[in-house]
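Have the viewer open as you read.

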Amino acid sequence: MNYDVTARGDSRHPPGGAAGAGKPASVAAKAAAIDAAQAHPLTWRTVLKRALVVALGGATIYILLPKLIAVLGAWPRLSTLNPVWFTVALGCELASFTCNFALQRLALHTRAWFPVVTAGLAGNAVTDSLPGGDAAGAAVQFSMLATAGFDTDTAVGGLTAFSLLGIGGLLALPIFVLPAILAGMPASPGLVHTALLGIAGFAVFAVFGVIILRTDWPLTAAGRAAQRLRNWLTRGRRPPVTGLDKRLLAERDTIRGVLGRKWWQAVLLTAGRLGCDFGCLLAALRATGASPHPSLVLLAYSAAGILALLPLTPGGLGIVEASLSGLLVLAGVRASYAFLATLAYRVASYWLPLLAGPPAYLLFRHRYGRPVSRRATPDVNGQPQAGDAAAA
């Protein structure tokens with residue numbers, strides 16, 4: 001679930017104050033951008049972009065179709081799964097989603113579960129059912145949380161930080177397999193290379209993160225260079241962009257502030273989300289009767305998870321099936337078991353949450369009414385600011 005837009009749980013403003021006044025400009029600008037996307041009609045450029053996204057997703061699924069068919073073809077054999085282990089797999093995935101929603105509650109500064117869970121499931125269903133559906137899923141979740149009375153303007157910094165923690169966690173997983181590989185555990189060269197690439201990627205990610213969080217010059221230089229390039233490419237057609245370096249630094253400070261206050265809770269919940277999701281895959285493998293080495297399965301899981309971050313198809317459809325089943329075969333799982341275990345894992349982590357989206361939306365509407373779209377309003381300084389939504 002990589003689309004979330006959530007934030008603090010108090011949408012009330014002081015009497016006479018501007019909606020969102022006092023919030024970081026970068027956060028307000030992102031919130032206003034979502035509002036603007038909802039308010040403006042489609043243009044030919046928007047239609048063209050969406051058509052390209054659909055075409056790219058279709059081409060990706062077509063290329064991966066043989067593996068996808070092989071995994072989906074194992075559907076009749078789901079009845080042969082060990083019911084106890086498959087129940088364990090479902091329980092692990094439920095715990096993983098619980099950790100994910102707890103992260104959202106942490107960003108929202110609320111103890112309420114109902115609006116967070118229902119908005120999250122509805123947004124996840126949109127994301128996982130549309131090509132390039134991340135923006136649409138975020139907009140749905142954004143509107144639902146605003147209708148429930150949450151202030152979503154400050155969501156971006158918290159969820160960006162938590163998303164970065166999730167990516168870092170995926171890249172860090174091969175580190176836990178390194179001792180077993182060094183101890184002589186038999187592993188295919190492909191998985192060994194995957195482990196080394198993952199460790200190298202985590203090292204680069206960690207060093208880059210420390211530099212960005214502690215020094216200003218990389219973001220300043222990148223912002224100014226991007227600003228000059230953009231203004232040069234669009235000169236005479238669009239107004240020049242100014243202050244991009246300052247906006248990047250403001251966004252960095254927002255992320256640093258969130259991690260500084262909540263980092264230990266966020267780390268624990270991120271670890272719990274990844275650990276329970278990995279437990280779901282292990283239990284799915286045991287449900288088929290396969291018992292591969294958990295370290296090799298961890299490598300397959302981390303590599304497939306990183307590939308699934310590519311927003312080419314809805315919910316990684318086809319990408320996860322092809323990569324995970326192939327990597328499980330490299331981990332020593334028989335092909336028939338690998339396809340069945342991948343299908344069982346995707347039933348728990350993709351299809352069931354997707355089906356839970358519409359009922360969650362109806363339950364939300366029953367309590368709060370129909371979600372309303374918010375409109376951007378200027379703050380006291382004339383900067384774009386996301387206005388209040390009427391809480392139902």
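Predicted model: local features only at pLDDT ≥ 70, side-chain atom pairs only at ≥ 80, totals over all residues.

Asp-245 itself belongs to helix α11, which covers residues 244-288.

Is Asp-245 buried or exposed? Its relative accessibility comes out at 10%, so Asp-245 counts as buried, the cut-off for that being under 20%.

## How α5 and α6 pack

Two packed helices are described by the angle between their axes and the distance between the axes. For helix α5 (residues 114-127) and helix α6 (residues 134-147), those values are about 155 degrees and 7 Å. Angles over 145 degrees count as roughly antiparallel, and α5 and α6 therefore fall into that class. Their crossing is right-handed.

On the α5 side, the residues in contact include Pro-115, Val-116, Ala-119, Gly-120, Gly-123 and Val-126. Across from them, α6 contributes Asp-134, Ala-136, Gly-137, Val-140, Gln-141, Met-144 and Leu-145. Sorted by class, the α5 contact with α6 has nine nonpolar residues, six polar ones and one charged.

The average pLDDT for the protein is 77, and 77% of the residues score at least 70.

Where does pLDDT stay under 50? One such stretch is residues 1-24, for which the model has 80 contacts beyond four places in sequence. Another is residues 375-392, with 57 contacts of that kind.

Technical notes: Residues numbered from 1 in each chain as written. Heavy atoms only, no water. Axes fitted to C-alpha atoms, helices over the stretch in contact; angles between N-to-C directions. Helix = DSSP H or I, 4+ residues; strand = E, 2+ residues; numbered from the N terminus. Parallel < 35°, antiparallel > 145°, perpendicular 65-115°, else oblique. Left-handed = near helix turned anticlockwise from the far one by under 90°. Contact = heavy atoms within 4.5 Å. Nonpolar A, V, L, I, M, F, W, Y, C, P; charged D, E, K, R; others polar. pLDDT = per-residue confidence, 0-100. Buried < 20%, exposed > 50% of the residue type's maximum accessible area, 1.4 Å probe, protein only.
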